[in-house]
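My entries follow the display.

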Amino acid sequence: MYSSKRFLGMFFVTIMFTVINSLFQVALAAVDEPVYGSELEGFNYPEPIQEFKFTSQGMQIHMAYMEVNPIQPNGRTVVLLHGKNFCGATWESTIKVLSYAGFRVIAPDQIGFCKSSKPEHYQYSFQQLARNTYDLLESIGVKQATIIGHSTGGMLAVRYALMFPNQTEQLVLVDPIGLEDWKALGVPSLSVDQWYERELQTSAERIRNYEKATYYVNHWKPEYEQWVQMLAGMYRGQGRDSVAWNSALIYDMIFTQPVVYELNLLKMPTLILIGDKDTTAIGKDIAPPEVRSKLGHYPELGKLTVQRISNSTLVEFPDLGHAPQIQDPEAFHQALLKGLTLRQ
C-alpha cells in the first residue's frame with residue numbers, strides 16, 4: 001500500500017513536472033518567436049510613434065514616424081531613411097547620437113514597411129515614396145534637412161535629393177544599394193508573383209543567416225537578434241500575406257528603378273559611408289555564377305560613386321559590412337558627426 005501511494009505520488013510529480021516544463025517551453029518559444037501585426041503591432045519603438053495621415057493613389061493611408069527634438073538645438077534637421085530589411089527603430093542609436101549633438105531628428109517608416117500602411121494595391125516608385133516623405137516634412141514644418149539614407153533608403157535619399165534639391169541641405173548615403181544596375185549586369189528579372197512566393201518563405205533562420213553573412217561579416221552578437229525577430233514576427237501573424245505582398249512590390253521597385261545613372265546630377269554636399277565587406281546585390285542569389293561574381297563589390301562601388309558625385313566625400317570602414325551603424329556604432333557615428341560638420 002505504501003509502495004502504491006509512493007508510486008502514484010512520484011507519477012503525479014512527474015506528470016506535473018512534464019506539464020510545467022511544456023508550458024515553460026511554450027512561453028520561452030513565445031518570447032523567442034514573437035508574433036507581430038502587419039503594421040508591427042506589439043513591437044516597441046525607442047521613441048513615441050506619431051502618424052502622418054494622407055491620401056495617396058485614392059487611398060487613406062498613414063506613415064508612422066518618430067520625431068526627437070534636441071535639448072540644445074543646433075538649428076539643423078536630419079531625416080533618417082531606413083533600408084529594405086530595416087525600420088525606423090533600427091536607427092535607435094543614431095537617433096540618440098544626433099539628438100544629443102543638437103539635431104532635430106525625423107525617422108519615418110515608409111509606406112509598405114514596419115508600422116506604416118500596407119496597401120492592398122500600390123504603385124510603388126521611389127518618386128512616390130520621396131513625395132510622401134516631402135509631404136510628411138511639410139506637415140511638421142521642415143523646410144530644409146540633411147537626408148540620411150541607408151541601403152534601400154539610400155536609393156530613396158538620392159531620388160528625394162534629385163526631386164527636392166533646394167530642400168536637401170546635405171545628403172548622406174550609408175551603404176546604399178542601387179550603385180549598380182543589376183538587371184543590366186545580367187541578374188534575371190522576377191515577376192511580382194515570383195517575389196511574393198519568395199517572401200512567403202521568410203523565416204527568422206533565413207533572415208539571420210543572410211544578415212550574419214552580409215550585414216555583420218559572419219560575426220554575430222545577441223543584440224542583433226531583436227532586428228531579426230522584428231522582421232520575422234510580422235510573417236508569423238495573421239497579416240503575413242499583406243506583408244509579403246507589399247514586400248514583393250517593393251522588391252520589384254528596387255530592381256527596376258536604378259538611380260546609378262543620375263548620381264552625377266547631385267550637386268549638394270554628399271557624404272558616402274561604406275562598409276567595405278558589404279556584398280549586397282538584389283537578386284544575386286539567382287544570378288548565374290559568372291554574373292554573381294561581379295556584383296556587390298562595395299570598395300569599388302564606393303570609389304565609383306564618389307567620382308560620379310562632384311561634391312562628395314567617401315569614408316570607408318575596412319572591416320564592416322552592410323550595416324555599419326549597427327555593427328560598429330562608435331566608429332560609424334564618429335565619422336557621421338565629422339561629416340555633418342563639414343560645409344563643403
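Confidence. I am working with a predicted model, in which local features need pLDDT of at least 70 and side-chain atom pairs count only at pLDDT 80 or more, while totals for chains, interfaces and linings use all residues. Residues are numbered from 1 along each chain as its sequence is written, and side-chain values use heavy atoms, with hydrogens and water left out. I found an average pLDDT of 92 for the chain, with 90% of the residues scoring at least 70; pLDDT is the predictor's confidence in each residue, from 0 to 100. Over residues 1-31 pLDDT stays under 50, and the model has 0 contacts there beyond four places in sequence, contact meaning heavy atoms within 4.5 Å. Where pLDDT is low, the predicted coordinates should not be read in detail.

Sheet. I traced an open sheet of 8 strands in the order β1-β2-β4-β3-β5-β6-β7-β8, with mixed pairing. Strands (E, at least two residues) and helices (H or I, at least four) are DSSP runs numbered from the N terminus, and two strands pair if DSSP finds at least two bridges between them. β1 (50-56) and β8 (312-317) stand at the edges with a single partner strand each, so one side of each is left without a neighbour in the sheet. I then followed β6 (168-174) and β7 (270-275), which pair in the parallel sense over 4 bridges, Val174 having Leu273 of β7 as its bridge partner.

Pocket. I noted 36 residues lining the largest pocket, with Asn85, Arg198, Glu199, Tyr210 and Tyr251 nearest its centre. On a 1 Å grid over the protein atoms alone, a pocket is an open set of points where a 1.4 Å probe fits, with protein on both sides within 12 Å along at least five of seven lines, and lining residues have an atom within 4 Å of a point. α7 gives the most to this lining, with 5 residues.
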